[in-house]
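Colleague: Hi! Could you walk me through this one?
Modeller: Happy to, have a look at it first.

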Amino acid sequence: MRMIVVPLNRTFKQRRPMLYLLMIPGILFFIIYRYIPMFGVLIAFKEYSIAGGILQSPWVGLKYFNMMLSDEYFWRVFKNTLIISSYKLLFGAPVPIILALMLNEVRKTYFKRFIQSVSYIPHFLSWIVIGGIFLQFFYRSGFINTAILEPLFGQRIDFFGDSRFFRSILVLTDIWKTMGWNSIIYLAAITSINAEMYEASTIDGAGKFQQAFYITLPSIMNIVFIVLILDIGNILNAGFEQVFILYNPIVYNVGDIIDTFVYRVGLEQFNFSYSAAVGLFKGLIGMLMVLLTNRVAKSLGQEGIW
Amino acid sequence: MKRNTRFVCMLIVLILIGSSVGCMGSPTENKDNEATITSSKNVEKEPPTEIRMIIAQYSDLAVDKATPIEEEIEKKLNIKLIKQVAPGDSLKTKQNVLIASGSLDILSLDSASYYDNAVKGNLMDLGELLDTKLPLHKQNIEKWPELKKLMQVKGKIYGVTLMPNLLTKEAGAAPLTNSRINIRKDWLTKLGLPVPKTIDQVFETAKAFYNADPDGVGKDKLCIISACNGFSYLNLDWVFGAFGVAYDVWYADSEGKVQSYDVSTGMKEAIEWLREAYKENLLDKDIFTQKEPQLKDKVVNDQVGFWGAHWGVQYATPWPREQEEKKLRAEGKLKADEKYQWNKDEPMLYWEPIDPPKGPRGESGMKTVQAVTIYPRCIPKNEDPKKIDAICRLLEYSISKEGGMLLSYGIEGVDYVMGANGPTPGPVVGDKDYNQYRQERGIDSVTSVVKPLWKPSSEFEWGYLYDVDKEKYGKYAAEQIVLNGMKWANPKLINVVQEYALVNSDTPQIAAKLNTLRDEYFAKFVVGELPMDKWDEYVQKWYSNGGEELIGIYSQNYKERM
């Protein structure tokens, strides 16, 4: 390992001035689009009015945070957000890994490419389109109910209007949309595994499943952890567009999330300060989760993200 | 080699920085730059000033494309109209965001949003501009003192209206409702039933429709009383109206205290009626989950017997006409390649708008808007004199005779020719569907921001809204839209919070919370997930979760405003 690192470092040092220059656009991007807008966080502590702008609006301290934290609805949507995100993480995270492992074993290139293309397509469709498709298929008078469930089982299921099914629909549609695209990173990681390891295991008599479990999976585990840590940082983003398009008042108790609640309060009702307070709260929780998961990953012997 | 690498690195960095900086500017700025470059070739001409506006997208009308009429206006006024399109049902949300981010130059507001934005200081005070750059509008405002009174917020004027609502003159200041209830009149005829007059009769008629299944589509497919997006879409206003209430409406009681119908006894009765209809398979079981396209399918496919909607859905994007076309094809009365020409002056074949039914106390009606809906055109806070000048040019032009003719009839000699009795379609129109032709050209549908809601009548005097609609949608529809709109209005069902903008910075989150509570309880009551004896629990929760507080704030503001 050391043998490889030293020459790389040397090369890096030799080229460093130019390589640092390459970082400028990235740094500029983050300064302009990520750090300067942070100034806007101030409105969470102000009675923001458009006429006064950020600086002229009066300070209100933690008014909007108190309002948020003392609101029982906020805690309900907080709980829903956590549950939906956790489900997506729990059931959704393994799917692209499994898909990548399966695709890795496909030998016919044209078939592999076909499957990859088909599984990537949903990623390029917006939730508006996907929501429309699923609504048409799964709503009470939709195809699944009228053509399959009713003729076969004599009853319809209101997938979007029944609290028992709504979260499952959210998780399933999310997995369907993201699995293909998310598998790319794992496929890339798999291609970097030393082929000699597979050859050696074949000589030792390992089958395809054993190779997958004992070589492929452990070799990509660091990538799995990095993706997991980043996903956990997004735990309070349960997917605004998706929920917004699919939910309705009957399933508010299980489907209303922080973002949809903020949308109704902040944007529909013109209250940007409250929205900013909730956004800041979400950001802080996300950062804490990343710190925590990173530490846990390191304590388990993984690399973590820093 | 080393020098080459350095050169390549430098080149990449420069390209990336260039791209980043290029991306930093808004699209507007880019276009400004382009305009500057173009104008440098032609120093004489100033680059056109961009005017950013938001347009509502209803149905499949392609409002995002620039129409020839818009291009004509742009040429005449040396402006560039930048249209940002938002779906009709989320227009207000997007508009709020754009106002907040300073990305709108002109906007059209309903009266509630007008007061709200004016009070919050989001709009330009037009006092000085009326004297210097908007003389025609000033003339209008001075001519109609009633209008001036309506436009004033704390003594200042923040908008101009393109509709000095002559409607009020004709109707004696009658309020108006936008919602309609329609019934399948051919089903009534088939079953020999009279038009239902009361809410109980509606229930019985719906039951008869369900049992008879007049078009034989199958009982499992029937959704006799249908709607979409729950109660928020005006579809079921007529049910609430029969019980003397309106969904999501605040009223002032006899003592001037502002109260909500959402927790009233009438509302409980209306919810019970809907619950019963749902239980009996008369109310569409998809009302809370389906969106407009699914409802449209059902209407067109003969699954619906009662259907309520905004008049725009019914007449501007006529689903019933699609249904007529489909049925005539099925009956062989219309060939596959033949286009269906419906007579705009005639009633629809299968649907009849009916009077909203009366309830147990003889009440009826639908959610109603104020007598004068001014829809002011406003300028969000702006400090660019060049832009303000361009917006004023546009506002003035749209109410000038020349502008009015262009917006209403198009280009003379192309879209219309001037006859002895006024303008008639030009030779280019030929056999084309005139309504579609007008849409494609952008005649009378340019944008909701610049379009005058009235236009020169055949006598070349400013006419009534009624005249506009009569021409565009036909006599029949115009009567339905305006006359029945007035007839069916119930002043009791005007939302005072909206009309007088009684909100303050604390009310939005309380209102959002209460709306969530209400929608959840109502939906669960209707589908039978909660028993009706939980109503008191809902009311108690409503008051304790901020209802009391809202009543206090609204009532205080109402007293001050009145």
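Modeller: One term before we start: a residue is buried if its relative accessible area is under 20%, exposed if over 50% and partly exposed in between, using a 1.4 Å probe and protein chains only.

Colleague: Good. What percentage of chain A counts as buried?
Modeller: Of its 306 residues, 41%. This is a predicted model, where local features need pLDDT of at least 70 and side-chain atom pairs count only at pLDDT 80 or more, while totals for chains, interfaces and linings use all residues. Residues are numbered from 1 along each chain as its sequence is written, chains are lettered from A and ligands numbered from 1 in the order in which they are written, and side-chain values use heavy atoms, with hydrogens and water left out.

Colleague: How many helices and strands does chain A have?
Modeller: Chain A has 15 helices and 0 strands. Both are DSSP runs numbered from the N terminus, helices being H or I with at least four residues and strands E with at least two. The C-alpha atoms of the chain fill a box of roughly 70 × 65 × 35 Å along the principal axes.

Colleague: At what angle do H11(A) and H15(A) pack?
Modeller: About 155°, with the axes 7 Å apart; H11 covers residues 208-233 of chain A and H15 covers residues 272-299. The axes are lines fitted to C-alpha atoms, for helices over the stretch in contact, and angles run from 0 to 180 degrees between N-to-C directions. H11(A) and H15(A) are therefore roughly antiparallel, a label for angles over 145 degrees, with under 35 being roughly parallel, 65 to 115 roughly perpendicular and the rest oblique.

Colleague: Which residues of H11(A) and H15(A) make the contact?
Modeller: From H11(A) they are A:Phe225, A:Ile229, A:Ile232 and A:Gly233, and from H15(A) A:Gly286, A:Met289, A:Val290, A:Thr293, A:Asn294 and A:Ala297. Contact here means heavy atoms within 4.5 Å.

Colleague: New topic. How many aromatic pairs are there over all chains?
Modeller: A search of the whole structure gives 41. Rings of Phe, Tyr and Trp (its six-membered ring) pair if their centres lie within 6.5 Å; planes under 30 degrees apart are stacked, over 60 edge-to-face and the rest tilted. A:Tyr64 and A:Tyr274 form an edge-to-face pair, 6.5 Å centre to centre with 75° between the planes. A:Tyr64 lies in H3 (residues 63-69) of chain A and A:Tyr274 in H15 of chain A, so the pair ties together parts 210 residues apart in sequence.

Colleague: Are A:Tyr64 and A:Tyr274 buried or exposed?
Modeller: Both are buried. In chain B, B:Trp307 and B:Trp351 also form an edge-to-face pair, at 5.5 Å centre to centre and 65° between the planes. Both of these Trp residues, B:Trp307 and B:Trp351, are buried too.

Colleague: Where is B:Lys524, and what does B:Lys524 touch?
Modeller: B:Lys524 sits in helix H23 (residues 507-527) of chain B. Leaving out residues up to four places away in sequence, B:Lys524 touches A:Ile250, A:Asn253, B:Glu529 and B:Leu530. At 10% relative accessibility, B:Lys524 counts as buried.

Colleague: And why is helix H5 of chain B largely enclosed by the rest of the structure?
Modeller: Because 8 of the 9 residues of H5(B) (residues 111-119) are buried, including B:Tyr114, B:Tyr115 and B:Asp116.

Colleague: Last one: which residues does A:Thr173 touch?
Modeller: Not counting residues up to four places away in sequence, A:Thr173 touches A:Trp127, A:Phe134, A:Gln242 and A:Leu246. A:Thr173 and A:Gln242 are 69 residues apart in sequence and 8.7 Å apart in space, C-alpha to C-alpha.
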